[in-house]
Each structure stands twice: as C-alpha cells, then as structure tokens.
Amino acid sequence: MIAAAWLGLGVLASAVLRRRTARLVALVPLAGAGLTFLAARSTVPSISLGGLTAITGLDRAGQGVLVVAGVSMAVVVALHPTVDVSVARSIGIVGAAVTVAMASSDPLVTALALTAAIATLVIRWISLSPGRATLAAGRVAGGGTAALVAASSFLPLTGFTTGFRPAVVGAMLAIGFAALLAVYPLGGWAAGLLGSLRPLDVAPWLVLLVPVVLLIAERIPGGVLGDGIPVFEHLLLIVGLGSAAWGGLWAVRGPARTRYGRIFMADIALSIAAVGGGRPSPAVVGALVIVLTHLTLAPILLRSGESGLRWPRRVAWTMLSGVPPSPTFWGRLLVLEALAAGNVGSTIAAVFAMTAIFVATVMACSTTLPVVAGSGWRARIPDAMAWGLVAFAIAIGLAPQSISGFVFGT
Amino acid sequence: MGVSPPLLSAAGILAAVIAMMVDGRRAVAIAVVFLAAGMAPTAATFGGAPGVAVLGGAAVAAVVLSMAGWVGGRLLPWLAGLDPTIPAFAPADRLFGPRSRRAFGAAIAVPIASWVSFNVPVGQVATVQGLLFPIAYAWTCGVVRLLVARTVEDLAVGVSMISLATGTAWLLRSGTDSLPGAALACLVGPLAALVAGWLNGRSSRGPHARIEAEA
C-alpha cells in the first residue's frame with residue numbers, strides 16, 4: 001500500500017501540478033514517509049506471489065531508513081531554487097521501488113525493484129542530458145542490477161555452500177551493490193552525473209536509493225553465502241576503501257559544485273567497506289550514523305552555493321568534517337574501529353580517505369561565493385528550514401547512539 | 001528419450017546472437033520473441049508446458065505491449081520525447097562500429113558461458129551436462145549489450161535479454177517457486193518493450209507534427 005501510494009502520488013503530481021505549484025512535489029516523498037512511519041508491522045506473516053514470499057514487511061531499520069530518506073527528499077525539493085514537476089514521477093516510482101525492495105526478503109523481487117528504480121532514473125537522466133555520463137549510468141548501474149537479478153536464481157545456496165557456486169554468487173552480489181552505490185571502479189557514472197545534471201535530478205538516487213541499497217547489502221551475509229562470504233566481503237572491502245580514498249582525493253581536487261557528491265560517495269564507500277569487511281557491530285552503527293547525517297545535510301549541500309544559505313552551509317560542512325563532536329566524527333570513528341579489527345592496510349586507507357574528506361570540507365567552508373540575496377518572509381523560509389536541519393545534525397553529534405537508535409531501532 | 005544438450009545450446013546461441021545484433025525501433029520485441037523461441041526447448045525440458053507458456057506469454061506480451069506503447073505514445077499529447085534509437089552521444093569514428101563490438105562480445109561470451117555451465121550448478125540440476133549453457137550465454141550477451149549500449153533501445157534490449165535468461169534459469173531451479181519466479185523475471189522483457197515502444201511513439205510523432213505545421 002505504501003509503494004502504491006508513492007507511485008500514485010508521483011504520477012498524479014507530475015500530471016496535475018504546474019510551474020506555479022511545482023514545489024508541492026515535496027508532498028509526494030513526505031506522504032510516502034508519513035505512510036511508512038504510520039505503518040505498523042503486519043500481522044500477516046508474508047504476502048506471497050505464487051511460491052515466492054514477495055513481501056515480508058518492513059523491519060525497524062528499514063522503516064527508519066525509508067522515513068528519513070522520504071523526509072530528506074521532501075526537504076531537498078522544498079529547498080531547491082527551481083523545481084521541474086516531472087521529477088515527481090521519478091520520485092514516486094523510485095520511492096515505490098525502494099519500499100518494495102526493502103520490504104521483500106526474496107532476492108528476485110528485491111533485484112527487480114531496484115532494476116525498476118534504476119531504469120526510471122536512467123531514462124530521465126538520458127532525456128535531460130543525453131551524453132556519455134548519463135548513458136554510462138544505464139550501462140553500469142543497469143549491469144549491476146543485472147548481476148543482482150542473475151544472482152537471485154542461484155539463491156538460496158542450500159546444499160551448495162562450497163565450490164564455485166557461492167563464489168560466483170558472492171562476486172555477482174558484490175558487483176551489483178558496488179555498481180548501484182557507484183563504488184569505484186564502477187562509480188565513474190555517478191561522478192559524471194554530478195557534473196552534468198542538476199542536484200534535484202540526482203537526488204532520488206542519492207537520497208532515496210543509496211541508503212536502501214546500503215542497508216540491503218548489509219543484510220546479505222551471515223551464513224547465507226557459504227564459501228562466497230570471503231569473496232563478497234573482500235571485494236566490497238577493497239573496492240570500498242579504494243573508492244573512498246579516490247573520492248576523497250577528488251573532493252579536494254575537483255570542482256566545487258561536485259564536492260558534496262564526491263564526499264557523499266566517499267562516505268558511502270567507507271561504509272560499504274566497513275559493512276563488508278569490518279567487524280559487523282560498530283560498522284553497521286557507524287554506517288547508519290553516517291547515512292543519517294548525510295540525509296539530514298543533503299538538502300542544504302545539494303543546493304548550489306550561489307543560491308543562498310551561506311551560514312547554514314558553512315555549519316553543515318563543519319558537521320561533515322569529522323571534527324568532534326560532529327556526527328560524522330562518531331560515524332567515521334566506528335567505521336575506523338570496525339576496519340582496524342581487520343588489518344593495518346584497511347586502517348591506513350580509511351584514515352587517508354577521512355583526511356581527504358576533512359580537507360575538502362575545510363576548503364568548502366572557506367570558499368565564499370556571491371549570493372543572490374532575497375527579501376521578505378518567503379526568502380527566510382529556506383533559511384529557517386536549513387537551520388532546523390543543522391540543529392538536528394548537531395543533535396545527532398551530541399547523542400549519536402540514542403538518535404540513531406531512535407530512528408533505526410536498536 | 002533425453003534431449004540433446006548441444007541442440008539446446010545451439011537454439012539458445014542462435015537466439016542470443018540474433019538478439020545481440022538486432023537494431024531499430026522494434027528491436028526489443030524481436031529480441032524477446034527470438035530469445036523466447038531459443039530458450040523454449042530448455043524451458044520445455046525442465047518446466048514442461050507451463051515453462052514454455054511463460055516464455056511464450058512473454059513473447060506475445062512483448063509484441064502486444066510494444067505496439068500498445070507505440071500507439072499510446074503517438075495518441076497522447078506531444079511532449080519533447082526522447083528518441084530511444086538515437087545514440088546518447090556521438091563517439092568518434094572508429095574502425096570497428098557498434099555491431100562489431102557486439103559480435104566480439106558475443107564471441108567472448110562463449111567461453112564464459114561454457115565455464116559457468118560446467119562449474120556453477122543451479123537448483124537441483126547437475127551441470128556436467130552443460131544444460132545451463134544457453135542461459136548463461138544469453139545472460140552474458142545481455143550484459144555485453146548493456147555495457148556497449150549507445151542508445152536507450154540498446155539498454156532495453158540488454159535488459160530484456162537478461163530478463164528472459166534469468167526467467168529460464170528460474171525454471172531450472174525446479175522448486176515450488178520456480179514458475180512464479182520465472183514469470184516475474186520474464187515480465188521485465190515485455191515491460192522494456194512497452195517503454196521502448198512508448199518512447200518510439202512519442203518521438204515519432206514530434207517531427208511529423210512539426211513538419212506538417214511548417215508545411
């Protein structure tokens with residue numbers, strides 16, 4: 001029902017709304033988040049689709065991620081200077097798809113839902129800006145979902161926990177998740193998108209899809225893959241750490257307009273490396289704190305620097321720097337703790353990435369751009385919303401475990 | 001009487017090669033029809049009549065939805081449509097064109113599919129007979145087609161190839177969930193045909209209307 005509401009509202013909003021009322025597109029993700037928040041755990045064990053246990057319901061962490069992602073998407077729309085109503089259709093379809101993906105315990109249904117989300121975004125991206133970067137999104141992210149779809153036919157691995165089958169399945173899952181999360185060497189498409197599209201058009205992937213895929217990836221191991229676990233974990237560890245270091249470096253060296261996207265990708269890569277290869281407990285908590293921080297600050301930092309919010313942006317960059325007691329400090333500390341339990345090489349790569357991210361945030365803080373100042377109460381609304389988000393980020397930094405527990409459950 | 005694995009493989013290879021090479025506005029529907037036909041012997045062996053019905057249904061649905069999408073795209077109000085057959089960017093002229101790269105990919109897919117067929121068991125099927133070969137070949141070709149795609153139509157063909165290959169793989173699992181899983185996986189092919197048809201219909205209406213208005 002939640003997925004149907006996302007889909008219906010998205011299609012309706014894109015058909016009904018006009019330029020003057022375009023900002024009402026924010027109601028689509030807000031309604032989706034509200035319905036997800038109100039949804040209680042179903043008393044029916046599962047909704048089956050033939051012999052498939054298609055929908056088993058949302059658990060607490062999944063519910064938390066979907067609610068925060070929906071609210072974050074709504075604020076992204078509300079704070080964006082100009083809104084194209086057709087984005088409502090993409091938001092609706094992606095929101096419905098991630099809800100189904102998160103609520104399903106069947107690998108085929110999850111993979112197909114993620115395919116629908118990526119296909120929707122790719123068609124929109126190519127129609128907005130036909131080019132090498134947007135086509136690469138279809139090629140690589142589409143290939144990633146293909147790997148997940150193919151892996152589903154080999155799961156579960158009952159009776160086949162040794163030999164090539166678990167190794168092949170582990171590799172396919174790792175490649176699939178790496179492609180969807182834009183982890184290098186499968187992440188060039190996202191870097192290209194950040195430079196060629198408006199932030200609002202990239203936001204459904206960044207805010208709605210990535211956190212869900214990260215959480216689904218975290219749930220894959222745990223005895224499911226047999227001999228494939230080392231392949232899955234080591235692949236994600238290596239590509240995740242390499243991607244985090246590379247992303248951090250390019251956040252420092254690259255253009256200012258793509259800096260937030262690079263830092264976001266680097267943080268997600270760190271999280272997936274820790275979730276894949278580190279100690280599970282601190283890695284998962286650290287990744288959730290990092291995701292929560294980004295979902296809180298993305299609406300401010302995705303907005304162009306020239307369009308106002310100078311001081312909220314500066315404070316938001318500080319929250320991302322990793323300086324205590326910013327929320328990212330706690331998140332990255334836990335991720336580092338998880339990685340340090342593995343080997344010293346992982347720790348060095350993670351420290352390098354975190355240092356690069358710190359330098360990039362300092363550079364972003366010190367950059368002063370000419371701002372077009374608005375007047376009247378309408379111009380103050382974005383400021384008030386941005387300060388509210390910053391205040392919430394500060395609260396996460398002051399009580400990271402409590403707030404992440406409140407949002408995602410214990 | 002057992003089914004000859006080489007015969008199954010030959011039918012699958014032929015269908016996958018045709019799907020790899022097909023271009024144009026009806027490419028998705030053609031790819032789905034040929035793949036369904038090529039995979040049907042494998043589906044019949046493991047899924048029986050219901051298995052063949054799943055693939056046949058996918059083929060029919062792809063043709064019908066492709067046409068419905070095209071008609072829908074032409075009838076509904078014109079918007080600045082995306083032509084799925086126009087390359088998203090113009091690459092430099094090279095010695096080998098897009099079809100050559102696809103042919104090369106189809107050749108590379110043979111040893112990959114062969115290795116998968118003999119080393120990776122699916123469901124309860126013993127792979128030493130090479131029964132997974134046509135499926136693995138069609139899937140690998142689909143991924144290659146995705147990776148060398150130049151147009152939205154190429155992407156849709158790649159997705160539909162992966163969809164039908166995965167659907168047939170689900171039939172080989174031989175469990176209670178194999179048939180619904182196969183049907184669900186095969187559903188993506190016709191949906192890709194619908195989207196491609198819709199985009200084709202929308203984009204084919206624009207230039208005509210504009211030309212008529214200018215005339």
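Colleague: How many residues does the contact take from chain A and how many from chain B?
Modeller: This is a predicted model. In it, both chains give residues to the contact. The count is 28 residues from chain A and 30 residues from chain B.

Colleague: Which element gives the largest share of the side of chain A that touches chain B?
Modeller: The elements that give two or more residues to that side are α5 (107–128), α6 (132–152) and α7 (164–180) of chain A. The largest share is 10 residues. That share comes from α6(A).

Colleague: By class, how many residues on the side of chain A that touches chain B are charged?
Modeller: Take the classes in turn. There are 15 nonpolar and 10 polar residues on the side of chain A that touches chain B. The charged residues there number 3.

Colleague: Are α10(A) and α15(A) roughly parallel or roughly antiparallel?
Modeller: Helix α10 (residues 228–253) and helix α15 (residues 344–366) of chain A pack with their axes 8 Å apart. Their angle is about 25°. Angles under 35 degrees count as roughly parallel. Therefore α10(A) and α15(A) are roughly parallel.

Colleague: How many residues of the contact of α10(A) with α15(A) are nonpolar?
Modeller: On α10(A), the contact residues include Leu237(A), Leu241(A) and Ala244(A). On α15(A), Phe352(A), Ile357(A) and Met363(A) are among them. The contact has 2 polar residues and no charged ones. The nonpolar residues number 16.

Colleague: What reach does α15(A) have from its first C-alpha to its last?
Modeller: α15(A) has 23 residues. At 1.5 Å a residue, 33 Å is expected. The reach is close to that, at 33 Å.

Colleague: What covers the buried residues of α15(A)?
Modeller: The buried residues of α15(A) include Ala349(A), Ala353(A), Phe358(A) and Ala364(A). The cover comes from several elements of chain A. It includes α10, α11 (259–277), α13 (310–321) and α14 (327–340).

Colleague: Is α2(B) roughly parallel or roughly antiparallel to α4(B)?
Modeller: Helix α2 (residues 27–75) and helix α4 (residues 133–147) of chain B have axes 10 Å apart. They pack at an angle of about 155°. Angles over 145 degrees count as roughly antiparallel. That makes α2(B) and α4(B) roughly antiparallel.

Colleague: Which residues of α4(B) make the contact with α2(B)?
Modeller: The crossing of α2(B) and α4(B) is left-handed. From α2(B) come Leu35(B), Gly38(B), Met39(B) and Thr42(B). From α4(B) come Pro134(B), Ile135(B) and Ala138(B).

Conventions. Residues are numbered from 1 along each chain as its sequence is written. Chains are lettered from A and ligands numbered from 1 in the order in which they are written. This is a predicted model: local features need pLDDT of at least 70, side-chain atom pairs count only at pLDDT 80 or more; totals for chains, interfaces and linings use all residues. Axes are lines fitted to C-alpha atoms, for helices over the stretch in contact, and angles run from 0 to 180 degrees between N-to-C directions. Helices (H or I, at least four residues) and strands (E, at least two) are DSSP runs, numbered from the N terminus. Angles under 35 degrees count as roughly parallel, over 145 as roughly antiparallel, 65 to 115 as roughly perpendicular and the rest as oblique. Two residues are in contact if their C-beta atoms, placed from the backbone, lie within 7 Å. Ala, Val, Leu, Ile, Met, Phe, Trp, Tyr, Cys and Pro count as nonpolar, Asp, Glu, Lys and Arg as charged, and the others, Gly among them, as polar. The expected span of a helix is 1.5 Å times one less than its number of residues. A residue is buried if 20 or more other C-beta atoms lie within 10 Å of its own, exposed if 12 or fewer, and partly exposed in between; C-beta atoms are placed from the backbone. A crossing is left-handed if the near helix is turned anticlockwise from the far one by less than a right angle, and right-handed if clockwise.
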